[in-house]
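Please load the model in a viewer and keep the selection panel at hand.

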Amino acid sequence: MTAPIESRQTTLQTNPQANPHTNPRTTPQTTPQTNLQTRLQAGWQAASARLRKAVDPTLARARQRFQALAPRERRLVTGAGALLGVAVVFVTLIEPPLNTMRKLQAELPLLRGQAAAVADLTAQARALRQRSAAPVASLPTQAEVGASLERAGLPAAMRTLGTPESGKGLQLTLNQAPSSALLPWLDGAGQDWGLSTQQVELTRATNPNGRPLPGLVNGHVTLTLPDQPGAR
């Protein structure tokens, strides 16, 4: 009765699959990232091997030819290689910064001129702002107004300056003056001198036959300071 029991226990001990409490042996698991790294490494090694296989014979032949040269020829070849290396370094590393420096030196006068022009315009704008903000104590002289009209495209042949009947302000008499030049000048006179248009009497200019002249006007314009009576 004891022999079958002992043989059954021996069978359970020698057969691990029959024992439910026996831990199975764990096997290493591979991930897609590990497989990719492995393939990349294998591909790189294969490419390196093919490159060495293709280049090594060429290098070996070049080394043999170099060793077969006379000492003087070796020095010449070595010097040519050194010159070639210096040329490559100069073209790739030194020449681009030199070209940039030359370009900047050529553009420097232009940049200085532009900076001076901007500074001049800024100073003019600041002066005009200060002049327009400051109160005007008196009317500009007829010489100043005449020079301003000349610059605006209203020469002396088209206008005359005088004093209105009230004795206050300026009276501008126009003869076939272009309205395209008159209107901007009136706006500028208000900004530069603080002049206000008190009275305007304008008609379209005509030729001797009585036909209207496009864009030309005749008449009178009276300008005064805003703080004077009668100014609008």
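A salt bridge is defined here as a side-chain nitrogen of Lys or Arg within 4 Å of a carboxyl oxygen of Asp or Glu. The model is predicted: local features need pLDDT of at least 70, and side-chain atom pairs count only at pLDDT 80 or more, whereas totals for chains, interfaces and linings use all residues. Residues are numbered from 1 along each chain as its sequence is written, and side-chain values use heavy atoms, with hydrogens and water left out.

**Stop 1: the salt bridge.** Select R159 and E150, whose side chains meet in a salt bridge at 3.3 Å, N to O. A search of the whole structure finds 1 salt bridge. Are its two partners, R159 and E150, buried or partly exposed? R159 is buried, with a relative accessible area of 11%, and E150 is partly exposed, at 45%. (Buried means under 20% relative accessible area, exposed over 50%, and partly exposed in between, with a 1.4 Å probe and protein chains only.)

**Stop 2: the sheet.** Helices (H or I, at least four residues) and strands (E, at least two) are DSSP runs numbered from the N terminus, and two strands pair if DSSP finds at least two bridges between them. Strands of a sheet pair through backbone hydrogen bonds, either parallel or antiparallel. Colour the 4 strands, which form an open sheet in the order β1-β2-β4-β3 with antiparallel pairing. The edge strands, each pairing on one side only, are β1 (159-162) and β3 (196-206). From one strand to the next, the twist averages 10 degrees; axes are lines fitted to C-alpha atoms, for helices over the stretch in contact, and angles run from 0 to 180 degrees between N-to-C directions.

**Stop 3: strand by strand.** Begin with β1 and β2, which pair over 4 bridges; T160 stands opposite T173 in β2. Move to β2 and β4, joined by 7 bridges, where A177 faces V217 in β4. Continue to β3 and β4 (residues 212-224), paired over 9 bridges. Here S196 stands opposite T224, and T206 stands opposite P212. β3 and β4 form a hairpin with 5 residues between them, and G210 in the turn has a positive phi of about 85 degrees.

**Stop 4: N218.** Select N218 in strand β4. A polar atom of its side chain lies 2.5 Å from the backbone nitrogen of Q176. Among the residues that N218 touches, not counting those up to four places away in sequence, are L174, E201 and T203; contact means heavy atoms within 4.5 Å.

**Stop 5: the nonpolar core.** A nonpolar core is a set of buried Ala, Val, Leu, Ile, Met, Phe, Trp, Tyr and Cys residues joined through side-chain atoms within 4.5 Å. Which residues have the most contacts inside the largest core? Select L172, L174, L182 and W185, which hold that position in a core of 18 residues. At least two residues of this core come from each of α4, β2, α5 and β4, and α5 supplies the largest share, 6 residues. Centre the view on L172: not counting residues up to four places away in sequence, its contacts include L149, R159, L182, W185 and V221.

Definitions and conventions:
A polar contact is a pair of N or O atoms within 3.5 Å; within protein, one must be able to donate a hydrogen and the other to accept it, and residues adjacent in sequence count only if both atoms are side-chain atoms.
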